[in-house]
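Have the structure open while you read.

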Amino acid sequence: MVNLIVLKVSPSNNPQSGLALFPPWTGIGGSSAMKKVLIVYAHQSAGSFNAAAKDVAVEVLTAQGCQVEVSDLYAMKFNPSATADDITGEVKDAEHFHYGEETMLAWKEGRLSADLTEEQRKLSDTDVVIFQFPMYWFTVPAIMKGWIDRVLTMGFAYTSEQRYSQGIFKEKKAMLSFTTGSSESMFSSNGINGDINITLWPLQNGILHYCGFQVLAPQIFWAPHHISPEARSTMLEAWRTRLQGLLGEMPLSFTPSDSFDCERGFQLKEVIEEKHKSEDVGLTVGTHLGKRIPPNSQIKSGV
């Protein structure tokens, strides 16, 4: 049985697979046997398209033998505010409170609040995390951002030594599944919203990959509110089909941590930069070396 944790995200009609300079998922393999999936879900309505996408994931993954667990953030009334209340007992420095340092100490000493301890247990137990949500202001809803801020504490989810390709969760997979309010064309390289690959970089590189996750290509449900019921059903069927092979997908590519020189402020090593000098495109959306960004590198694997 696999425990799947799913974060609720707006649906997408693209069953894409992920791109990555980061190596394939080698920790738990592609088989669904004995896998655990966590779905972190953020939508207020049980009748929403996001709810339908979440339900399809639970159904299909459970049928494959996975153990699926859902953190329904609105139903849980999850508190998104990161404060000293997340710590039981005295804090180290109340006058100059530093959330990261204080929660790391509390985590080490078993003094985090009960809600955080429970969410961290789910995350520790899972093999795959799916974030299911509607895109708000080009990112996740506030309640989901609060889950990220509060649950992914220093020490538990990352350290200065354990991050990116050497991250704590490098044996786990994670992905975004979300709906948009705008059409796919509006998120193109010449669209009014800008390139979706750039929009997703802070979430997929700055949060998921930062913590070491092998990041699967996102499931994007483009503007389901503006299409027919039949088209929405088609989107869900595409998601259902993708879920059949989801656990065996290759992750997106990211530049490995050891490509950067800590003696030069974690800039790309000169030998790698020199080797890439003649290329037309950069390494990644973020590490682009002043060149064109790799097309679709945040929405498809193998790019």
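Which strand do 2 bridges join to β5? That partner is strand β6 (residues 214–215), and the two run parallel. Bear in mind that this is a predicted model, where local features need pLDDT of at least 70, side-chain atom pairs count only at pLDDT 80 or more, and totals for chains, interfaces and linings use all residues. Residues are numbered from 1 along each chain as its sequence is written, and side-chain values use heavy atoms, with hydrogens and water left out.

| Strand | Bridges to β5 | Sense |
|---|---|---|
| β4 | 7 bridges | parallel |
| β6 (residues 214–215) | 2 bridges | parallel |
| β7 (residues 219–221) | 3 bridges | parallel |

Strands here are DSSP E runs of at least two residues, and helices are H or I runs of at least four, numbered from the N terminus. Ser177 has Gln132 opposite and Gln219 in β7 as a bridge partner, while Ala174 stands opposite Val215 in β6.

β5 is well covered: 7 of its 7 residues are buried (under 20% relative accessible area, 1.4 Å probe, protein chains only; exposed is over 50%, partly exposed in between). Lys173, Met175, Ser177 and Thr179 point one way, and Ala174, Leu176 and Phe178 the other.

Over in α3, Leu116, Glu119, Gln120, Lys122 and Leu123 are buried. Seen down the axis, the buried residues of α3 fall within an arc of 155 degrees (using directions from the helix axis to the C-beta atoms), so they line one face of the helix.

Key. Two strands pair if DSSP finds at least two bridges between them.
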